[in-house]
Amino acid sequence: MGKKRQLIYLVAAVAAAASLLTASAKKSGDVTELQIGVKYKPESCTLQAHKGDKIKVHYRGALTDGSVFDSSYDRGDPFEFTLGNGQVIQGWDQGLLGMCVGEKRKLKIPAKMGYGERGSPPKIPGGATLIFDTELIAVNGKTSGGAKAETDSEL
């Protein structure tokens, strides 16, 4: 009987802890799953981002308290990478799939799809939910309408 009672108490304690964690996450703006909000979508979507595409993205990254930790807009230099190859955090690899050139999305990325429990010191604490405002600039070097994106190549 003693072990059964201990098990019941353990289950009740785990349930209470899970409830507190869920309530805490809701209060602080943290999320437990990737959330994708489309803020702007062009009328015509001729170019979409797919796994394996080289894409160019403008972004602003913030914590749930609103503090910005990075912004390609501020640098005037969009970030370029291959989508779906693990070059970026998982929240980006999944949250930018199917995005149209010119489209703007807000991604709310849970820690498990961002920088996890370690974070990325000093600006991103462990366990942080990340909020990114993103804009797809180019796919495989092409902007909307098939035009080539400008590059900084030397001749």
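Arg75 is partly exposed, with a relative accessible area of 48%; here, buried means under 20% relative accessible area, exposed over 50%, and partly exposed in between (1.4 Å probe, protein chains only). The model is predicted, so local features need pLDDT of at least 70 and side-chain atom pairs count only at pLDDT 80 or more, while totals for chains, interfaces and linings use all residues. Residues are numbered from 1 along each chain as its sequence is written, and side-chain values use heavy atoms, with hydrogens and water left out.

Side chains of opposite charge can pair when their charged atoms come close. A salt bridge is taken as a side-chain nitrogen of Lys or Arg within 4 Å of a carboxyl oxygen of Asp or Glu. By this rule, four salt bridges are counted. One of them joins the side chains of Arg75 and Asp70, at 2.6 Å from N to O; Asp70 is partly exposed, at 27% relative accessibility. Another links Arg105 with Glu103 at 2.7 Å, N to O. In that pair, Arg105 is buried, with a relative accessible area of 8%, and Glu103 is buried at 0%. A salt bridge is also formed by Lys106 and Asp133, whose closest N and O atoms are 3.6 Å apart. Because Lys106 lies in strand 5 and Asp133 in strand 6, this pair ties together parts that are 27 residues apart in sequence. Lys106 is partly exposed at 26% relative accessibility, and Asp133 is partly exposed at 28%.

Strands and helices are DSSP runs numbered from the N terminus (strands: E, at least two residues; helices: H or I, at least four residues). Strand 2, residues 54-63, is mostly covered, as eight of its ten residues are buried. Two strands are said to pair if DSSP finds at least two bridges between them. Strand 2 pairs in the antiparallel sense with strand 6 (residues 130-139) over nine bridges, and in this pairing Leu63 stands opposite Leu130. Strand 2 is also antiparallel to strand 4 (residues 79-82), with four bridges; Phe79 of strand 4 is the bridge partner of Val57. A further antiparallel pairing, over three bridges, connects strand 2 with strand 3 (residues 68-71), where Ser71 is the bridge partner of Arg60. Strands 2 and 3 form a hairpin with four residues between them, and Gly66 in the turn has a positive phi of about 95°.

Ile55 belongs to strand 2 and is buried, at 0% relative accessibility. Contact means heavy atoms within 4.5 Å. Not counting residues up to four places away in sequence, Ile55 touches several residues, among them Phe79, Phe81, Leu96 and Leu136. The C-alpha atoms of Ile55 and Asn140 are separated by 6.0 Å, although these residues are 85 apart along the chain.

Asp53 is found in the loop between strand 1 (35-40) and strand 2. Asp53 is buried yet has no salt bridge, the nearest side chain of opposite charge being that of Lys142, 10 Å away; for charge, Lys and Arg count as positive and Asp and Glu as negative, whereas His and the chain ends are not counted. A polar contact is a pair of N or O atoms within 3.5 Å; within protein, one must be able to donate a hydrogen and the other to accept it, and residues adjacent in sequence count only if both atoms are side-chain atoms. The side chain of Asp53 makes such a contact with the side chain of Asn140 (3.1 Å). Asn140 is placed in the segment after strand 6, is partly exposed at 40% relative accessibility, and has a positive phi of about 50° although it is not a glycine.

Aromatic rings of Phe, Tyr and Trp (its six-membered ring) pair if their centres lie within 6.5 Å; planes under 30 degrees apart count as stacked, over 60 as edge-to-face and the rest as tilted. Seven aromatic pairs are counted by this rule. Phe79 and Phe81 form a stacked pair, 5.4 Å centre to centre with 25° between the planes. Phe79 is partly exposed, at 34%, whereas Phe81 is buried, at 3% relative accessibility. One aromatic cluster is formed by Tyr59, Phe69, Phe79, Phe81, Trp92 and Phe132.
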